[in-house]
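Please find below my note on this model, written for a colleague who has not worked with it before. The points are numbered so that each can be checked in turn.

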Amino acid sequence: MIKTYTQRKKAKAWLKSYRGKRPVFACVLGFTETGLIPNISAAGATPEDRKYTAIADAEFLATGKNINFPLPPLVAGASPVLISRAVVATQELPLFIFDAGLVIAPTVETIDLGGCPAKCVSTGQALSLEKVLQLFVQGLVWGEKLSQLGAYVILSECVVGGTTTALAVLTGLGIDAKDKVNSSHPTCNHSQKWEIVQAGLAHLCPDANPFEVVAAVGDPMQIVVAGMAIAASRHSGVLLAGGTQMLAVYSLARAIANYQKLVWNPEVIMIGTTRWVAEDATGKTIDLALAVQDVPLLATQLSFAKSQFPQLRAYEQGFVKEGVGAGGAAIAAHLYQNWTQEKLLGAIESQLHIAVV
C-alpha cells in the first residue's frame, strides 16, 4: 500500500519507526489570487467556485458533511477531502485546521494564524515581508505544539493554484522545477504556469533570501507549513502530505533553516502523496524530488479502478490526483491500523455516499 520512489533506505527506516503509531493530522488553508486565473486549476470548475474550495473542503474534513457549502464542483472527479476524512474520522486521528489566509471566512472551527490571501504570483508582490515573517513564527509555534500530540505530524494543505506558487518558490530558490510540477488537470498546463511564474520572478532580486522569495511569489500556506515542519522535526516525525506543493515547502524549510541557522532534523521528514501524483505522466514528480534532494518521496498505492463511483474512477483518468493531505492520510491509514486497499476504498466510498445523498 506504500511505495517509495526516492531515498529508499531513509524512507524504510522512517516507515518502520512509525508503524502502528498514531499521528496528528493538520490542514493549513490558504488562498492565492493565482487560483482565479481562468483554467489555471481544476480544483473548482470556475474561478468563482475556487474561492470556496478550501472552505467547503474544511467543512467536510471537520464534520463529514457540508452544511453551508457543497463539496466544490470540479471539472471531473470528487474532492480528495473524501480520502482524508475517511481516515481521520474512522481512525480517530487528532485534527487541527488552520486559516493561514483565506478570502472567505471558514464555516468550521479553525485556528486563525492572522494571515491574508496572497496576490497573484505574476505581480511579484504576493505577500508583504512582514506578513511572511509573522506567519513563519506562527508555524514554528504550532509545529512545536503539534509535535507533542502524536507520534508524527501529518501536515496537509488546501490552496487552489498552489502548484503554480510551488513552481514559483522552487524556481526562486534555485531548483529546476520547470515542466516538473503537477496539476489537477489530466494534462498539466506547464506553459501557462511557467508564463505566470516568469512574470512574478522578474520582480525578484537575484540575491533574495527565502522569506523574500515567498513574499514575491508564494502563498500563505507555504511559509506556515515550512515553520511547522522545522519545529515539529525537533521532536517527532513529519509527513508533508502532498506532492509538488510539499516539495516546495520542504525546499523552503531547508533554505530558511540554512539562512537563519535554525536547529531542525530533516532526517525525520518525508513527502507523502498519491500514486496519481508520483506517476503522473504529464508531470515529473520523481525528477522534481531528485532535484530537491535529501527528502524521500512516498506514495499510497490506493486505486479507484474498481470503485462503484465514477467520481472516484476519474482519478484513474488523471483528474484531481491529490489535495487536503489525501496521500498522506492514506499512507497513515496503512501504517497506523494496517488498512488494506479494500478497507480504505470502502471507507472512502462511505464518505462519498454521505456527500452525494
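**Notes on the model**

1. Across the whole structure, a search finds six salt bridges, a salt bridge being a side-chain nitrogen of Lys or Arg within 4 Å of a carboxyl oxygen of Asp or Glu. The model is a predicted one, in which local features need pLDDT of at least 70 and side-chain atom pairs count only at pLDDT 80 or more, while totals for chains, interfaces and linings use all residues. Residues are numbered from 1 along each chain as its sequence is written, and side-chain values use heavy atoms, with hydrogens and water left out.

2. One of the salt bridges joins the side chains of Lys10 and Glu267, at 3.6 Å from N to O. This pair links distant parts of the chain, 257 residues apart, since Lys10 lies in helix H1 (residues 8-18) and Glu267 in the loop between helix H10 (244-260) and strand E7 (269-274); helices (H or I, at least four residues) and strands (E, at least two) are DSSP runs, numbered from the N terminus. Lys10 counts as buried because its relative accessibility is 19%, whereas Glu267, at 48%, counts as partly exposed. Here buried means under 20% relative accessible area, exposed over 50%, and partly exposed in between, with a 1.4 Å probe and protein chains only.

3. Among the other salt bridges, Asp176 meets Lys180 through their side chains at 3.2 Å, N to O. Asp176 is partly exposed, with a relative accessible area of 49%, but Lys180 is buried at 12%. A further bridge, at 3.4 Å from N to O, is formed by the side chains of Asp179 and Lys178; Asp179 is partly exposed at 34%, and Lys178 is partly exposed at 36%.

4. Which residues of helix H12 (residues 285-292) are buried? They are Thr285, Leu288, Ala289 and Val292, and because they cover an arc of only 100° around the axis, they lie on the same side of H12; the arc is that of the directions from the helix axis to the C-beta atoms. Their cover includes helix H6 (162-172), H10, helix H11 (275-278) and strand E8 (297-300). After H12 comes Gln293, which has a positive phi near 70°.

5. The search for aromatic pairs finds 11 in the whole structure, where rings of Phe, Tyr and Trp (its six-membered ring) pair if their centres lie within 6.5 Å, with planes under 30 degrees apart counted as stacked, over 60 as edge-to-face and the rest as tilted. The rings of Phe211 and Tyr259 have centres 6.2 Å apart and planes at 65°, so this pair is edge-to-face. It links distant parts of the chain, with Phe211 in helix H8 (residues 210-217) and Tyr259 in helix H10, 48 residues apart. Phe211 is buried at 3%, whereas Tyr259 is partly exposed at 44%. Elsewhere, ring pairs link Trp14, Tyr18 and Tyr152 into a cluster.

6. The largest nonpolar core has 71 residues, and those with the most contacts inside it are Leu155, Ile223 and Leu240; such a core is a set of buried Ala, Val, Leu, Ile, Met, Phe, Trp, Tyr and Cys residues joined through side-chain atoms within 4.5 Å. Leaving aside residues up to four places away in sequence, Leu240 touches residues including Leu155, Val225, Met246 and Ile271, contact meaning heavy atoms within 4.5 Å. A second, separate core of 55 residues includes Leu15, Phe25, Ala58 and Ala241.
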